[in-house]
Amino acid sequence: MNVFFETNKGLMRENNEDSFIVEESVRFNLYAVADGMGGHRAGEVASSIAIDTVREIFKKSCEKNDFKVPSFIIESIEAANGRIRKEACKNKECSGMGTTISMMVVDLLLNTAYIGNVGDSRVYILRNGEITQITEDHTYVNELLKKGRITSEEAKHHPKRNIITRAVGSEEYIQADIFEIELFDNDVILLCTDGLTTHLTDEKIFNTIKKYGSSESVQKLIKLANDNGGTDNITIIIVDNIIRGETYDR
């Protein structure tokens, strides 16, 4: 299993409010991206708190015999939620801050991935010549889309497409979506913040990874997002489940 990652502030933002984790252990690997929101650099604070909290709990828990990944995802996000809200109460400049988070924990023994998310940072799987979004965006526009009030094409240009309906730190209690998938030889998993998906379609993302391979695609995707406007921070993690030493080429 190989991992490639980078974060970039884009062309329009003064600072980078994204944070990420790449943390690997003997049996479990943790990958996560977070996209903070809030003025006066509060978004940067929120995403950092979330990532630091998740990393801290993972490192304390992953070597225990009773480590349960779904429970870890729930508990770590709840802990991050509490810490962000506490900091927001102490620091007036951080009032109202929050963050998205999407994480994946891979059980190397069972070859299983557990994915959790809050907000609109996404996790995709590339398998058998297709790209599939695993996570569901917690956004106002996605709610309209699910109810059939707008079309997919209308959703791309909707004036409220950036409104988040669920974020870590925004409410006293937060609920994460959790998914479990079996990993197969040569699966490619992509975790990214919306600085990528705002500017590139799923098809463009897939074709770029197919053309350049996992190792080169992080840089290529960031460049493409910036070439198309670069209006937000961009964070990408690509996890390549190479079992037989092959490369992604299909």
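Predicted model: local features only at pLDDT ≥ 70, side-chain atom pairs only at ≥ 80, totals over all residues.
Reader: How far apart are the end C-alpha atoms of helix 6?
Author: Helix 6 has 26 residues. At 1.5 Å a residue, a straight helix would reach 38 Å. Helix 6 falls short of that, with its end C-alpha atoms only 16 Å apart.

Reader: Where is the kink in helix 6 centred?
Author: The kink is about 125 degrees. The kink is centred on glycine 213.

Reader: Which element supplies the largest share of the largest nonpolar core?
Author: This core has 32 residues, and Leu30, Phe58, Phe72, Ile77, Met97, Ile101 and Met103 touch the most other members. Strand 3 (28-37), helix 1 (42-61), helix 2 (69-90), strand 4 (98-107) and strand 5 (112-118) each supply at least two of its residues. The largest share, 8 residues, comes from helix 1.

Reader: What does phenylalanine 58 touch, leaving out residues up to four places away in sequence?
Author: Phe58 is one of the core residues that touch the most other members. Contact means heavy atoms within 4.5 Å. With those sequence neighbours left out, Phe58 touches Glu23, Ser25, Phe28, Asn29, Leu30, Phe67, Phe72 and Val105.

Reader: How many residues are in the second, separate core?
Author: Its members include Leu126, Leu200, Ala225 and Ile236.

Reader: Which residues are closest to the centre of the largest pocket?
Author: The largest pocket has a volume of about 660 Å³. Helix 3 (140-146), helix 4 (152-156) and helix 5 each supply at least two lining residues. Of the 21 residues in the lining, the closest to the centre are Arg122, Asp137, Ala155, Lys156 and Thr197.

Reader: Is asparagine 128 buried or exposed?
Author: Asparagine 128 lies in the loop between strand 6 and strand 7. Its phi is positive, about 55 degrees, although it is not a glycine. Its relative accessibility is 65%, so asparagine 128 counts as exposed.

Key
Residues numbered from 1 in each chain as written. Heavy atoms only, no water. Core = buried A, V, L, I, M, F, W, Y, C linked by side-chain atoms within 4.5 Å. Buried < 20%, exposed > 50% of the residue type's maximum accessible area, 1.4 Å probe, protein only. Helix = DSSP H or I, 4+ residues; strand = E, 2+ residues; numbered from the N terminus. Expected span 1.5 Å × (residues − 1). Bend = angle between axes of the 7 residues up to and from the residue. 1 Å grid on protein atoms, 1.4 Å probe; cavity = no way out; pocket = protein on both sides within 12 Å on 5 of 7 lines; lining within 4 Å. Points joined across faces, edges and corners; volume = space filled by probe spheres on them.
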